Amino acid sequence: MKILFAGGGTAGHINPALAVAGYIKERHPDAEISYIGTAEKLEAKLVPEKGYDFHTIDVAGFQRKITPENIIKNISAVKKAVTSSIRSKELLREINPDIVVGTGGYVSGPVLKQAQKMGFKTAIHEQNAFPGVTTKMLAPNADAVMLAMPEAKRHLNLKNEPIITGNPIREELLKMSKEEARKILGIDSRPLILSFGGSLGAMRVNESVCELIKWHNNSEKFYHIHATGKSGYNDFISALGEEKLSDMITIREYISDMDVCMAAADLVICRAGAITLGEIAACSKPAILIPSPYVAENHQFHNAMTLKRSGAAEIIEEKDLSGEKLIEVVSGLIENKPKLSKMSDAAYKNAIIDANERIYQTLMRLYTKA
């Protein structure tokens, strides 16, 4: 069995592919897994680390804002669209996969489009509530369209009924109990806030969380773990000034033990990436979501609304975000146990914890038809 994945640029497109690839390998050790991505993006590091055959194409996304600089970039992107299509065709002939799976990002466009032209079985997995341009382009001719959120269906032109699979959830997040996590962290029953803005950091999130921490520092009412991201740590510490932090507050650059911190948390403050929201739902966590306005199609806002509508989350748009606003929302939730309990129950109703199995079964059905 040969399965080729294509997708990249961000962890949100890469990690679902790697999660499913690993799930397939566990059940079919002899399966041949290949991946097509770009040489300079995150997939070039993550995919080879997992031991999968990695091939590259030179492709670029189109800039939607018209500026002299972006016009030059778009001319280059047009040229790359032609060469990446040719390269994709060569790789498809060389690999000769049974199924080609796209997980989003502009890199998956030329690969899946060529695969459809050449008669290969194709499947798409869309992580967001509002599908990206690549998914919209490829969906009409895909043999299987898998959606993380049912809301995405109304934005697509499909030849087959989509399969609602959810987003793959890291197994370790599902195994950790709250009691065990709190024991590992060495904390008591007082509430814990967990906040983060992404691996690189989010300046506006960091600024507002800094004000929140100053507000509750030394109150002894609740714990707080905050990850600043790689680029935000020094600025965050500087912004705290001379304030001496309580032992109940932990500032990190990155959260490497997310399974522990997420399980222990009573309230999560974060962006609204699709994978993160899937993990929040699976872990039954009430959330304050701050969608990034810097992503295509404003898809994080649409993602966040799925939890907001169900009563699992509050949303603060970045244009409305301030330390004062964040303090207002947090203070209305963190000590309101009945409210947090209702939000927790609502979050879990959005969870799909068997996404890997659903995606696997969909691909196996295609494989038997290949």
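Me: Where is Lys319 found, and why is Lys319 called exposed?

Reply: Lys319 is found in the loop between β13 (313-315) and α13 (323-331). Helices here are DSSP runs of H or I with at least four residues, strands are runs of E with at least two, and both are numbered from the N terminus. The relative accessible area of Lys319 is 64%. Exposed means over 50%, buried under 20%, and partly exposed in between, with a 1.4 Å probe and protein chains only. Lys319 is therefore exposed. Its C-alpha atom is separated by 20 Å from that of Ser331, 12 residues apart along the chain.

Me: What kind of model is this?

Reply: This is a predicted model: local features need pLDDT of at least 70, side-chain atom pairs count only at pLDDT 80 or more, and totals for chains, interfaces and linings use all residues. Residues are numbered from 1 along each chain as its sequence is written, and side-chain values use heavy atoms, with hydrogens and water left out.

Me: What makes Asn96 partly exposed?

Reply: Its relative accessibility is 44%. Asn96 sits in the loop between α3 (68-95) and β4 (99-102). Its phi is positive, about 50 degrees, although Asn96 is not a glycine.

Me: Which class does Glu220 fall in?

Reply: Glu220 is partly exposed, at 40% relative accessibility. Its place is in the loop between α8 (203-216) and β9. Phi of Glu220 is near 65 degrees, a positive value in a residue other than glycine.

Me: How do you know that Gly229 is buried?

Reply: Gly229 has a relative accessible area of 0%. That is under the limit for buried, so the term applies. Gly229 lies in the loop between β9 (223-227) and α9 (233-240). Met203 is 26 residues apart from Gly229 in sequence and 9.3 Å apart in space, C-alpha to C-alpha.

Me: Why is helix α4 called largely enclosed?

Reply: Of the 10 residues of α4 (residues 108-117), 8 are buried, so the rest of the structure largely encloses this helix. The buried ones include Val111, Leu112 and Ala115. After α4 comes Gly119, with a positive phi near 90 degrees.

Me: What makes Ile164 partly exposed?

Reply: Its relative accessible area is 29%, so Ile164 counts as neither buried nor exposed. Ile164 is in strand β7 (residues 163-164). Not counting residues up to four places away in sequence, Ile164 touches Leu147, Ala148, Pro150, Ile352 and Arg358.

Me: What makes a set of residues a nonpolar core?

Reply: Its members are buried Ala, Val, Leu, Ile, Met, Phe, Trp, Tyr and Cys residues joined through side-chain atoms within 4.5 Å. The largest such core has 37 residues, and Leu194, Phe196 and Met262 are among those touching the most other members. Helix α10 (258-264) and strand β8 (192-196) are among the elements supplying at least two residues each. The most comes from α10, with 6 residues. Outside its sequence neighbours up to four places away, Met262 touches Leu173, Leu194, Val268, Ile280, Cys283 and Lys285. A second, separate core of 26 residues includes Leu212, Ile249, Ile269 and Leu333.

Me: Why is the chain called as compact as a globular protein of its length?

Reply: The chain has 15 helices and 13 strands. Its radius of gyration is 21 Å, close to the 21 Å that the globule rule gives for 370 residues, so the chain is as compact as a globular protein of that length. The radius is taken over C-alpha atoms, and the rule is 2.2 Å times the number of residues to the power 0.38. Buried residues make up 51% of the 370. Among contacts between residues at least 6 apart in sequence, 65% join residues at least 24 apart.

Note on methods:
Contact = heavy atoms within 4.5 Å.
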